[in-house]
Amino acid sequence: TKDWTLGAHALTAEFAGNHELSGTTATMTVTVNESYAVYDGSKFYRATQAAPTTATTEEITDKKTINHLYVTGENVPAPSMQRCTALTSVAMPDVKIIGANAFLLCTALNSVEMPDATDIGNSAFWGCAALTTVTMPSATSIIATTIGNSAFSGCTALTNVKMPKATTI
């Protein structure tokens with residue numbers, strides 16, 4: 001949960017005739033709930049932040065409410081996170097294989113870290129229009145990485161991709 005305090009006139013409204021609704025000095029607190037989860041390859045568990053040590057035993061049944069995801073294990077099966085439109089960030093430090101369509105149409109997803117990935121399936125991130133940053137293995141840590149057909153198709157905001165020199169696309 002994040003709390004913001006807005007000062008006087010922060011939400012000033014204008015009406016027809018250019019009259020302002022103003023004069024108040026009260027503040028207002030807006031609360032936005034962030035949802036963190038840890039995924040073990042088969043189930044999603046609520047967490048206090050996107051890290052495995054913060055996972056609880058509470059299982060998340062509606063994965064479409066998750067904002068930040070930390071994936072444990074070495075495989076993200078297809079189509080595990082498909083159409084999770086609230087998802088904004090994913091950390092997959094040990095994942096080697098990302099299945100086809102795994103994150104298809106996660107339209108709010110903007111950053112992905114997958115430093116050990118060796119195989120990214122077809123359409124794995126297809127339609128992730130908000131995705132701007134993808135971090136993949138460095139050329140010194142992993143020799144070969146395969147990126148499937150249309151893996152990043154429709155990622156129209158993608159501006160920063162770090163990947164090894166030895167990559168099969």
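Okay, so two strands count as paired here if DSSP finds at least two bridges between them, and a strand is a DSSP E run of at least two residues, numbered from the N terminus. What you have on screen is a predicted model, where local features need pLDDT of at least 70, side-chain atom pairs count only at pLDDT 80 or more, and totals for chains, interfaces and linings use all residues. Residues are numbered from 1 along each chain as its sequence is written, and side-chain values use heavy atoms, with hydrogens and water left out.

Let's start with the sheet. Eight strands make an open sheet with mixed pairing, and the order runs β7-β6-β5-β8-β10-β12-β14-β16. At the edges sit β7 (55–59) and β16 (160–162), each pairing on one side only. From one strand to the next, the twist averages 20 degrees, taking axes as lines fitted to C-alpha atoms and angles from 0 to 180 degrees between N-to-C directions.

Now the core. By nonpolar core I mean buried Ala, Val, Leu, Ile, Met, Phe, Trp, Tyr and Cys residues joined through side-chain atoms within 4.5 Å; buried is under 20% relative accessible area, with a 1.4 Å probe and protein chains only. The largest one has 32 residues, and L69, M92, F103 and F125 have the most contacts inside it. The elements giving two or more residues to this core are β5 (36–39) and β8 (68–71).

So which residues do ring pairs link into a cluster? They're F103, F125 and F152. Rings of Phe, Tyr and Trp (its six-membered ring) pair when their centres lie within 6.5 Å, and stacked means planes under 30 degrees apart. The whole structure has three aromatic pairs. Y39 and F44 are stacked, because their ring centres are 4.3 Å apart and their planes are at 20 degrees; both residues are buried. F103 and F125 are stacked too, at 5.1 Å centre to centre and 0 degrees between the planes. That pair links distant parts of the chain, 22 residues apart: F103 is in the loop between β11 (97–98) and β12 (111–113), F125 in the loop between β13 and β14. F103 counts as buried at 0% relative accessibility, and F125 is buried with 0% as well.

One last stop: S123, in the loop between β13 (119–120) and β14 (133–135). S123 has 16% relative accessibility, so it counts as buried. Leaving out residues up to four places away in sequence, S123 touches N101, L104, N149, S150 and A151, with contact meaning heavy atoms within 4.5 Å.

How values were computed. Helix = DSSP H or I, 4+ residues; strand = E, 2+ residues; numbered from the N terminus. Buried < 20%, exposed > 50% of the residue type's maximum accessible area, 1.4 Å probe, protein only. Phe/Tyr/Trp six-rings, centres within 6.5 Å; stacked < 30°, edge-to-face > 60°.
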